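Biologist: I am new to this structure and would like to learn how to read it. Could you walk me through it?

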Amino acid sequence: MRDQAEINQELKSAGLKATAPRRKILELFQANPESHWSAEDVYKTLLEMGDEIGLATVYRVLTQFEQAGLLTRHHFEAGKAIFELSGGGHHDHFVCMDCGHVEEFFDQQIEDRQNQLAEDRGFKVTAHALYLYVNCIRENCPNRK
């Protein structure tokens, strides 16, 4: 995990003051770099850790982090916003319809095929988001409640 000086510098570099709620929330994302969190997930986790940060503050900080480029917001089918750390390179997502677990993946063949389809039709892909909505078939799924 990063030390407080690094967290403070990262916030400052993003144009944000290093307040306690911002530090705690950024630490949470950095400690779990492949995780995808809703505001409610962040709030509940902070409460479990003994941090008294209000839900409104969590929403506000997540929006500030998104605007500063620290987080990326996704709107999966469940209707609520999900956040992840920015800067991890392009990837796509599996979204489990049973438990809500989100898993990242990258497949060069899919990327190449999308680019070829676009080119065949006279386009050039500049960005895309691929969400595959799935049902878990693992008997001992660690994410199923």
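**Reading a helix, a core and a pocket**

Modeller: Gladly! Keep in mind that this is a predicted model.

Biologist: Which residues of α4 are buried?

Modeller: First, the general idea: an α-helix has 3.6 residues a turn, so residues three or four places apart point the same way. In α4, the buried residues are Val58, Val61, Leu62, Gln64 and Phe65. They cover an arc of only 165 degrees around the axis, which puts them on the same side of α4. The face turned away from that buried side carries Ala56 and Gln67, which are exposed.

Biologist: What covers the buried residues of α4?

Modeller: The cover includes the helices α1 (4-13), α2 (20-31) and α3 (39-48), along with the strands β1 (71-75) and β2 (81-85).

Biologist: And how many residues does the largest nonpolar core have?

Modeller: It has 20, and Ile25, Phe29, Val42, Val58, Leu62 and Phe65 have the most contacts inside it. At least two residues of this core come from each of α1, α2, α3, α4 and β2. Take Ile25: leaving out residues up to four places away in sequence, Ile25 touches Val42, Leu46, Val58, Val61, Leu62 and Phe65.

Biologist: Which residues are closest to the centre of the largest pocket?

Modeller: That pocket holds about 640 Å³ of space. Of its 22 lining residues, His36, Asp41, Cys99, Gly100 and His101 are the closest to the centre. The elements giving two or more residues to the lining are α3 and β3 (92-96).

Notes: Residues are numbered from 1 along each chain as its sequence is written. This is a predicted model: local features need pLDDT of at least 70, side-chain atom pairs count only at pLDDT 80 or more; totals for chains, interfaces and linings use all residues. Side-chain values use heavy atoms; hydrogens and water are left out. Buried means under 20% relative accessible area, exposed over 50%, partly exposed in between (1.4 Å probe, protein chains only). Helices (H or I, at least four residues) and strands (E, at least two) are DSSP runs, numbered from the N terminus. The arc is that of the directions from the helix axis to the C-beta atoms. Contact means heavy atoms within 4.5 Å. A nonpolar core is a set of buried Ala, Val, Leu, Ile, Met, Phe, Trp, Tyr and Cys residues joined through side-chain atoms within 4.5 Å. On a 1 Å grid over the protein atoms alone, a cavity is a set of points where a 1.4 Å probe fits but cannot get out, and a pocket is an open set with protein on both sides within 12 Å along at least five of seven lines; lining residues have an atom within 4 Å of a point. Grid points are joined across faces, edges and corners, and a volume is the space filled by probe spheres set on the points.
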